[in-house]
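Subject: Structure handover

Hi,

Here is the structure we talked about. My notes on it follow below.

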Amino acid sequence: MLESIVGIVGCRWVVGWGLTRSQPFVLEELKKEMLAATPTDRTAGEPRFTLHTGTAQTTTRFMRAYIHAYNRVCFATASVSGTVSLFSCQSASRAAVPVPGALWTASLVAEAPLTHGGECTALAVNAADNVVVGSERGELAVFATDAGDANNGGASVKLLASRLLDGGPITTLSVGQNGEITSASQNGMIAFTDMADPGLPTRESIAQADSAAITGITWRSLHDLAYCTDAGRIGLVDRRIPKVVSTFHDLQNEWVPLNCIAVHPTQNTTLATGDADGQVKVWDLRNTKQPEVRSFGMHSSDVWDVVFPSTNAFTIASASQDGTLAHFTWNENNPDGFGASSKTIGLKEKRISGRGFSVNGIDCHPEVPLVVAVGDGGQVVLTDL
């Protein structure tokens, strides 16, 4: 259970704020300042760590591995300046396995720029811990990462491949089980790219998968994907055709833009989305003609990112324009989370305001009960589940 949620400052995906890498890192002082600004409902003494990069961050994803020898995990972030950064997180615990509640600290260990510059708008990590990034200029880039030794010596981020895709700015991307990259753009195009080929050739594409801008996309299985749009629409794609096989809305809020989408780690018929009204919605896709939808009013403004923590998939973590993260129970131990009366779904949530501005990205490590979040103020926040 996430005992505290931390908001960080910024403004969603705005270029030209004058933030530069020359600004110094502020570690302990910023940490103390943030702790002092936290509301009183925060659990006293709960471990967390905050650092400031000096550059607005648009999104973040954890690497898959937990490096047991060093009690360490890593995550990548992407920035408005077109830089991909690798951070190393060290646990204060010396145990050979992750310890809940242990203090984690983070440090920047390596970074690399996009070839064509511009703002990084999407980021994903594959099974080999390669980082895939999309940009506002339509660049698709793949980076290899190396966390280095126990002291982060030899850590690196190296460009493996880069290509400008047709279709304009890349708004979202996801990496499938077979390593194929799926990216989407503002004009509703979905492209399938061969990650194994250094030239990053497009295998196939759906020129107008949707008439609206696709804002989020995720693989549900080896052959199936789901996407969301700024017209409030969910679409399902069969990769084998490839074709959009079904679309639908939440009939209670049909045209509210959807900003992000995530799939449940073990139930691929369960999706979560974040919308422009601050709602996090959970969708039951077993009836694709009209899925059941549960809504949770977790935020007061746009929800930019959502994730089902693998360590507790009865919960969802979200990040918002309102400057907060939220972590809440959407399913009270019901096997599928649906079909029960609303009285049996007891909402348990924790939220703590940061500075009242946008938090752009959030992720949870698949093995360690740890959350990372980033925002346009340049802060990188770690806290535990």
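Helices (H or I, at least four residues) and strands (E, at least two) are DSSP runs, numbered from the N terminus. The model is predicted: local features need pLDDT of at least 70, side-chain atom pairs count only at pLDDT 80 or more, and totals for chains, interfaces and linings use all residues. Residues are numbered from 1 along each chain as its sequence is written, and side-chain values use heavy atoms, with hydrogens and water left out.

Val256 first. Val256 sits in the loop between β17 and β18 (258-263). Its relative accessible area is 14%, so Val256 is buried (buried means under 20% relative accessible area, exposed over 50%, partly exposed in between; 1.4 Å probe, protein chains only). Val256 touches Ala231, Gly232, Asp275, Ala276 and Asp277, leaving aside residues up to four places away in sequence. Contact here means heavy atoms within 4.5 Å.

Next, Ser246. Ser246 belongs to strand β17 (residues 243-249). Ser246 counts as buried because its relative accessibility is 16%. Ile234, Gly235, Leu236 and Thr288 touch Ser246, again not counting residues up to four places away in sequence.

Now the aromatics. How many aromatic pairs does a search of the whole structure find? Five. Rings of Phe, Tyr and Trp (its six-membered ring) pair if their centres lie within 6.5 Å; planes under 30 degrees apart count as stacked, over 60 as edge-to-face and the rest as tilted.

Phe62 and Phe75 are edge-to-face, because their planes stand at 80 degrees, with ring centres 5.8 Å apart. This pair links distant parts of the chain: Phe62 is in strand β2 (residues 57-62) and Phe75 in strand β3 (residues 72-79), 13 residues apart. Phe62 is buried at 3% relative accessibility. Phe75 is buried too, at 0%.

Phe296 and Phe328 form a tilted pair, 5.0 Å centre to centre and 40 degrees between the planes. Phe296 lies in strand β21 (residues 292-297) and Phe328 in strand β24 (residues 324-329), so the pair ties together parts 32 residues apart in sequence. Both Phe296 and Phe328 are buried.

There is also a cluster. Phe62, Phe75 and Phe87 make up one aromatic cluster.

Last, a charge over a ring. Arg239 lies over the face of Phe192, 4.2 Å from the ring centre. The criterion is NZ of Lys or CZ of Arg within 6 Å of the ring centre and within 35 degrees of the ring normal.

Best wishes
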